[in-house]
Amino acid sequence: MRESFVKFTIGAWVIMLLTSLFLPGVMWFTLLLLPITLIGIYDMNQTKHALWRTFPVVGRGRWVMEFVRPFLRQYFFESETDGVPINRMFRSVIYQRAKGQRDTIPYGTKVNALRVGYEWIGHSMAAIHLNKDAVLPRVLIGGPDCTQPYSSSIFNVSAMSFGALSDNAIKALNKGAKQGGFSHNTGEGSVSPYHLEHGGDLVWQIGTGYFGCRTEDGNFCPDTFKATATKSSIKMIEIKLSQGAKPGHGGILPADKNTIEIAEIRNVKPGTTVDSPPAHKAFSTPLEMMDFIQQLRDLSGGKPIGFKLCVGRKSEFVALCKAMIEKNIKPDFITVDGGEGGTGAAPLEYSNSVGMPLREGLVFICDILSGFGLKKDIKVIASGKVFTGFHLVKNFSLGADVCNSARGMMVALGCVQSLVCNTNECPTGIATQDPVLAAGLVVNDKAARIARYHKETVEATMDIVASAGLASTNQLNRSHIFRRVSETQVMRYDEIYPNLSDSSLLSKDYPARFAHEMAESSAECFMPQHYVIECYGGLEELPD
């Protein structure tokens with residue numbers, strides 16, 4: 001192919017030069033032929049790509065096709081239901097609701113109702129007429145030790161930091177939250193001026209890097225925490241143990257991204273590489289974590305304190321519940337993130353194969369809380385691919401009290417799923433720090449879209465609830481949702497996930513299916529007891 005390219009190029013130059021003697025205008029083809037020739041010469045002499053050396057210029061077609069493939073697939077070949085991570089059916093309804101357009105569909109469902117995994121809610125012949133003028137439902141978050149409980153919407157903005165998102169994206173999300181009366185989670189990048197500008201309700205997330213409340217050596221700083229936590233916009237504080245996209249991974253803020261502005265917001269030194277370790281430094285055991293929760297509650301003036309996790313080893317959460325009982329200290333809420341959760345950048349192995357999916361994680365968390373008699377005081381928030389009213393309804397039926405959405409809110413902002421979140425080149429100005437790209441996002445317009453998407457999704461949720469003959473989301477339970485488990489068999493959620501009796505794990509004759517987790521868990525250590533004994537010889541010999 002190299003020889004063919006050389007012959008073709010030489011022949012083309014000869015023909016052009018000879019033709020130009022009679023047709024001078026042909027010389028304009030030099031503008032096309034010259035770069036092709038130079039690229040071909042470069043390709044034949046470079047050593048990095050074998051395809052380029054063997055097939056000069058033409059070999060680059062593979063890279064061109066790889067580049068345009070996602071766009072061609074999304075806009076020309078993708079069906080309504082098979083797109084990933086978010087299919088066109090869900091993206092379309094989010095856009096329609098955010099813009100206030102018609103969100104009904106013609107001619108019936110495009111979903112195969114006979115496929116394994118198909119789910120639906122059982123409606124009632126005693127369905128309730130929904131009052132469209134009724135106040136949107138709220139959930140009061142705050143246990144017996146909370147002196148400033150928060151009245152939360154059932155649908156809120158999930159954790160996304162300034163730094164991952166642009167300043168305009170953060171301002172639009174927060175202004176939309178203010179207009180719609182719902183909360184906006186800051187993400188672990190701390191509370192920026194853009195979070196505070198429009199006065200929307202905030203959930204301040206505290207990660208392992210303690211951004212916004214850290215000492216110079218990266219430990220938790222009570223004084224800087226108190227200064228921010230007592231701000232009127234901060235309604236709740238969430239300790240991030242793990243996130244669904246990359247649980248147990250930690251993270252790095254590279255020096256080149258650690259700008260003066262980012263450094264000031266996160267309380268770090270600009271131009272330095274900052275580590276967010278996989279685990280917290282402020283506590284190392286379940287008992288110590290309960291003390292940390294109480295410390296944050298006291299420092300914040302009694303605001304709701306909770307934590308976020310993607311379920312990993314089940315016994316570790318059982319250990320937390322044992323610590324809650326032993327210390328008589330409980331979080332006010334727990335956010336359950338599914339392993340299908342998203343982020344701007346995560347290793348493929350973590351995105352695909354680490355962490356429990358939301359449905360299984362939510363069932364487990366709610367069952368264990370009920371088994372220890374804790375569910376009545378702790379609200380559960382579900383996060384992970386929540387886009388429509390039916391997604392909310394399914395989570396509520398499994399035991400959630402509130403739902404959060406990150407990617408749904410991003411699509412409502414105008415995200416086109418270009419899948420370049422990790423390149424700083426987001427074309428819609430959402431997941432970027434490029435000021436030119438961010439300027440394309442108009443805050444007032446996008447804030448209205450966020451508020452409208454929230455309102456219409458909550459109304460759709462209540463429509464479904466009313467169709468089931470119920471008056472509120474807390475009346476939903478596992479008996480309301482059906483799932484096709486084979487071509488010929490359908491089961492209800494309560495048959496697939498049997499409910500655990502309240503306080504049943506506090507007795508000695510607890511259900512046998514939890515025997516393993518109960519046996520290997522201890523309030524004194526996150527790791528399973530048998531692992532501690534085998535590796536270190538006992539709890540008292542744990543390494544520092």
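Analyst: Helices here are DSSP runs of H or I with at least four residues, numbered from the N terminus. In this predicted model, leucine 18 lies in one of them, helix α1, residues 2-20.

User: What area does the nonpolar surface patch that includes Leu18 have?

Analyst: Leucine 18 belongs to helix α1. The patch is made by Leu18 together with Val6, Ile10, Val14, Leu21, Phe22 and Leu23. Its area is about 730 Å².

User: Is tyrosine 210 buried or exposed?

Analyst: Tyrosine 210 lies in the loop between β6 (201-206) and α8 (222-229). Its phi is positive, about 50°, although tyrosine 210 is not a glycine. Buried means under 20% relative accessible area. With a relative accessible area of 0%, tyrosine 210 is buried.

User: And asparagine 328, buried or exposed?

Analyst: Asparagine 328 is also not a glycine, and has a positive phi of about 55°. The loop that holds asparagine 328 runs between α11 (314-327) and β11 (333-337). The cut-off for exposed is over 50% relative accessible area. At 56%, asparagine 328 is exposed.

User: How far does helix α17 reach from its first C-alpha to its last?

Analyst: Helix α17 covers residues 443-467, which is 25 residues. At 1.5 Å a residue, the expected span is 36 Å. The model is close to that expectation, with a reach of 36 Å.

User: Which residue just after α17 takes a positive phi?

Analyst: Helix α17 ends at residue 467. Just after α17, a phi of about 80° is found at glycine 469.

User: Which residue in β14 is the bridge partner of glutamate 119?

Analyst: Strand β1 (residues 119-121) pairs with strand β14 (residues 481-484). The two strands are antiparallel and share three bridges. Within β14, the partner of glutamate 119 is arginine 483.

Key: Residues are numbered from 1 along each chain as its sequence is written. This is a predicted model: local features need pLDDT of at least 70, side-chain atom pairs count only at pLDDT 80 or more; totals for chains, interfaces and linings use all residues. Side-chain values use heavy atoms; hydrogens and water are left out. The expected span of a helix is 1.5 Å times one less than its number of residues. Buried means under 20% relative accessible area, exposed over 50%, partly exposed in between (1.4 Å probe, protein chains only). Patches are made of residues with over 30% relative accessible area and no salt bridge: like charges are joined within 9 Å, nonpolar side chains (Val, Leu, Ile, Met, Phe, Trp, Tyr) within 5 Å. Accessible areas come from the Shrake-Rupley method with a 1.4 Å probe; for residues, only the protein chains shown count as cover. A salt bridge is a side-chain nitrogen of Lys or Arg within 4 Å of a carboxyl oxygen of Asp or Glu. Two strands pair if DSSP finds at least two bridges between them.
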